[in-house]
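The entries follow the order in which I checked things.

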Amino acid sequence: MKLDHIGIAVKSLAALKIYKALGLTVDHVEDVQTQGVKTAFIDVGDANLELLEPLSPESPVAKFIAKRGEGIHHICFRVTNLESHLERLKQQGFRLINEAPVPGAHGCRVAFLHPSSGNGVLIELSERIE
Ligand code: ZN
């Protein structure tokens, strides 16, 4: 299991300017309707930063920003066999937001664990479809 990306909630993708000023490049921009966000991925080596701009006030990311302000929103680990991880975590009593994979950016299948099961950290698991 490897760190895939760190998700950062922003009001607007204009927030990319600091990363561009740091000399980083945006390599992928995509609307992810299932999460209600426009995402921008910044390549930082083995992992990425994922900036998340809400597509509507109803987006979970809009609610996150209203409650906690902009900032780090989640961390994502890349896995294989996502269902087996979800099944095992559920059996161990961890709370899941998604009990089954949902479509994520890059055509990945993703699932979020509840932050109450991550000591306040929202954890995403992502499986790439080759
Ligand atoms: Zn993510």
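Entry 1, terms and model. I count two strands as paired if DSSP finds at least two bridges between them. Helices (H or I, at least four residues) and strands (E, at least two) are DSSP runs, numbered from the N terminus. The model is predicted, so local features need pLDDT of at least 70 and side-chain atom pairs count only at pLDDT 80 or more, while totals for chains, interfaces and linings use all residues. Residues are numbered from 1 along each chain as its sequence is written, and side-chain values use heavy atoms, with hydrogens and water left out.

Entry 2, strand E8. I looked up the partners of E8. Strand E7 (residues 109-113) pairs with E8 in the antiparallel sense over 5 bridges, and Arg-109 has Glu-127 as its bridge partner in E8. Strand E5 (residues 71-78) runs parallel to E8 and is joined to it by 4 bridges. In that pairing I found Ile-75 opposite Ile-123 of E8.

I took buried as under 20% relative accessible area, exposed as over 50% and partly exposed as in between (1.4 Å probe, protein chains only). By that rule 5 of the 5 residues of E8 are buried. One side carries Ile-123, Leu-125 and Glu-127, the other Glu-124 and Ser-126, and both faces are covered.

Glu-50 in strand E4 (residues 48-54) and Glu-124 in strand E8 (residues 123-127) are 74 residues apart, and the pair links distant parts of the chain. Glu-50 is buried at a relative accessible area of 6%, and Glu-124 is buried at 5%.

I placed Val-37 in strand E3 (residues 37-43). Val-37 has a relative accessible area of 2% and is buried. Leaving out residues up to four places away in sequence, the contacts of Val-37 (heavy atoms within 4.5 Å) include Val-32, Leu-52, Leu-55 and Val-61. I also noted 9.9 Å between the C-alpha atoms of Val-37 and Ala-105, which are 68 residues apart along the chain.
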